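I opened the model and went through it one item at a time. These are my notes.

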Amino acid sequence: MLVEHYQNPGCQGVLEGADVAMPGGSPECGGSVVIYLQADNEEGRIQGLSFTGQGDIISQGATNMILEQVMKHGLTMDEVLALDYDAFVDRVGREAVGSRTRNATLGLSTLKSAVRKFQKDRLHADPAA
């Protein structure tokens, strides 16, 4: 499954009009991503997600997997923040990931950072929100 997501990433590319472009990376794995997030400001839902990056099959394939999961299930920002890292590694395939859990969770942790940045920026722009 990781190889398929790595070779055919449906969420790869720059998302024009994104509200947040959040870089993330891990020196341990040498991978890096930028998550682009576009939000529905009214309902706290995510309208669009994409990523650019470089790295191994695990980091890039798992990043695509989590973005597709969020979009397919129409998760809210709060639901994204509640996603469990261990459960995601299980979904990716613990046997495939081995000791490289940071590679597998690079996209998820960067996505959570993007959501937090959006929420923080929105709060500063509109304290009543």
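I began with aspartate 121, which counts as partly exposed because its relative accessibility is 33%. My cut-offs are these: buried is under 20% relative accessible area, exposed is over 50%, and partly exposed is in between (1.4 Å probe, protein chains only). This is a predicted model, so local features need pLDDT of at least 70, side-chain atom pairs count only at pLDDT 80 or more, and totals for chains, interfaces and linings use all residues. Residues are numbered from 1 along each chain as its sequence is written, and side-chain values use heavy atoms, with hydrogens and water left out.

**Salt bridges**

What does aspartate 121 meet in a salt bridge? I found the side chain of lysine 117, at 2.8 Å, N to O. I count a salt bridge when a side-chain nitrogen of Lys or Arg is within 4 Å of a carboxyl oxygen of Asp or Glu. Lysine 117 is partly exposed, with a relative accessible area of 34%. Helices (H or I, at least four residues) and strands (E, at least two) are DSSP runs, numbered from the N terminus.

I then asked how many salt bridges the structure holds. The count is four. Asp86, Asp90 and Arg94 are linked in a network of them. Aspartate 90 pairs with arginine 94, with the closest N and O atoms 2.7 Å apart. Aspartate 86 also meets arginine 94, at 3.9 Å, N to O. Arginine 94 is partly exposed at 35% relative accessibility. Aspartate 90 is partly exposed too, at 48%, and I located it in helix H4 (residues 85-92).

**Helix H2**

I checked the length of helix H2 (residues 57-73) next. Its 17 residues should span 24 Å at 1.5 Å a residue, and the end C-alpha atoms are 24 Å apart, which agrees. The expected span is 1.5 Å times one less than the number of residues. Is H2 enclosed or open? It is largely enclosed by the rest of the structure, because 12 of its 17 residues are buried. Among them are Ile58, Met65, Leu67 and Val70. Glutamine 69 of H2 is buried as well, at 17% relative accessible area. Not counting residues up to four places away in sequence, glutamine 69 touches Leu83, Phe88 and Arg91; contact means heavy atoms within 4.5 Å. Glycine 74 follows H2 and has a positive phi, near 60 degrees.

**Core**

Which residues have the most contacts inside the largest nonpolar core? I noted Leu37, Val70 and Leu111, in a core of 32 residues. Such a core is a set of buried Ala, Val, Leu, Ile, Met, Phe, Trp, Tyr and Cys residues joined through side-chain atoms within 4.5 Å. H6 gives the largest share of this core, seven residues. Leaving aside neighbours within four places in sequence, the contacts of leucine 37 include Leu15, Ile46, Leu111 and Phe118.

**Surface**

Last, I looked up tyrosine 6, which sits in helix H1 (residues 2-7). Tyrosine 6 counts as partly exposed, at 35% relative accessibility.
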